Amino acid sequence: MHRVHIVGRKNSGKTTLVAELVAHFVSLGRRVGTIKHTHHQHELDTPGKDSHTHREAGSAVVGILTPNMSAVFRPSEGDRHDTDERYQWLAPMYADCELVIVEGNSQTAAPKFEVWRAATGTEPMAATDRTIVAVITDDPLPFDFPTIPRSKIEQIGSSVLAQ
């Protein structure tokens, strides 16, 4: 799975950039998948529904098939909840995608691009995380680091595909 991550601090514009990248790649005829990574605890299934009851009973994996959508719920196991192994488990579901864009997960070994805006009042993550490939911003950085203009979606897309 060809996977890149769009990382950044809260309200930096990650979701907007991911959506723009997806639209850009789709306009070029490319098939793209996305994953939203969060460190917050969320109940993705609906308590009280059959699928939730199956999972609570101990099912290792629970699937839901509807006429318009399919979903699979798989509980995380122990300390493996933030490792790149989980992306490998998801890989077969993205087999027909040329690229998978993950929003978030700054702890991954996969290529990472940081979206940053000076208006957030925060320091870019790249100031301390030199594993980031480039910072996507229209603002000047307070240190020397590779940047891609935020306003240049084609240039961002080319850089993402090159990883």
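**Figure 1. The side chains of Glu-103 and Lys-36 meet in a salt bridge, with N and O 3.2 Å apart.** A salt bridge is counted where a side-chain nitrogen of Lys or Arg lies within 4 Å of a carboxyl oxygen of Asp or Glu. Because Glu-103 belongs to strand 5 and Lys-36 to strand 2, the pair ties together parts that are 67 residues apart in sequence. Helices (H or I, at least four residues) and strands (E, at least two) are DSSP runs numbered from the N terminus. Glu-103 counts as buried at 9% relative accessibility, and Lys-36 is exposed at 54%. Here buried means under 20% relative accessible area, exposed over 50%, and partly exposed in between, with a 1.4 Å probe and protein chains only. The model is predicted: local features need pLDDT of at least 70, side-chain atom pairs count only at pLDDT 80 or more, and totals for chains, interfaces and linings use all residues. Residues are numbered from 1 along each chain as its sequence is written, and side-chain values use heavy atoms, with hydrogens and water left out.

**Figure 2. Arg-150 forms a salt bridge with Glu-20.** The closest N and O atoms of this pair are 2.9 Å apart. Arg-150 lies in the loop between strand 8 and helix 4 and Glu-20 in helix 1, so the bridge ties together parts that are 130 residues apart in sequence. Arg-150 is buried, at 18% relative accessibility, while Glu-20 is partly exposed, at 33%. The structure holds five salt bridges.

**Figure 3. A salt bridge joins the side chains of Arg-30 and Glu-98, at 2.6 Å from N to O.** Distant parts of the chain are linked by this pair, 68 residues apart: Arg-30 is in the loop between helix 1 and strand 2 (32-36), and Glu-98 in the loop between helix 3 (85-90) and strand 5. Arg-30 is partly exposed, with 31% relative accessibility. Glu-98 is also partly exposed, at 39%.

**Figure 4. The largest nonpolar core contains 17 residues.** Such a core is a set of buried Ala, Val, Leu, Ile, Met, Phe, Trp, Tyr and Cys residues joined through side-chain atoms within 4.5 Å. Ile-6, Leu-17, Leu-21, Ile-101, Ile-156 and Val-160 touch the most other members. At least two residues each come from strand 1 (3-7), helix 1 (14-27), strand 5 (99-103), strand 6 (112-115), strand 7 (132-136) and helix 4 (153-162). Helix 1 gives the most, with four residues. Apart from this core lies another, of nine residues, including Val-7, Ile-132, Phe-143 and Phe-145.

**Figure 5. Ile-153, Ile-156, Gly-157 and Val-160 are buried in helix 4.** Seen down the axis of helix 4, the buried residues fall within an arc of 100°, so they line one face of the helix; the arc is that of the directions from the helix axis to the C-beta atoms. These residues pack against strand 1, helix 1, strand 5, strand 6, strand 7 and strand 8 (147-148). His-24, found in helix 1, touches Ile-153, Glu-154 and Gly-157, not counting residues up to four places away in sequence. Contact means heavy atoms within 4.5 Å. His-24 is buried, with a relative accessible area of 14%.

**Figure 6. Asn-11 has a phi near 65°, a positive value in a residue other than glycine.** Asn-11 sits in the loop between strand 1 and helix 1 and counts as exposed at 56% relative accessibility. Asn-105 has a positive phi near 75°. The loop between strand 5 and strand 6 holds Asn-105, which is buried at 7% relative accessible area.
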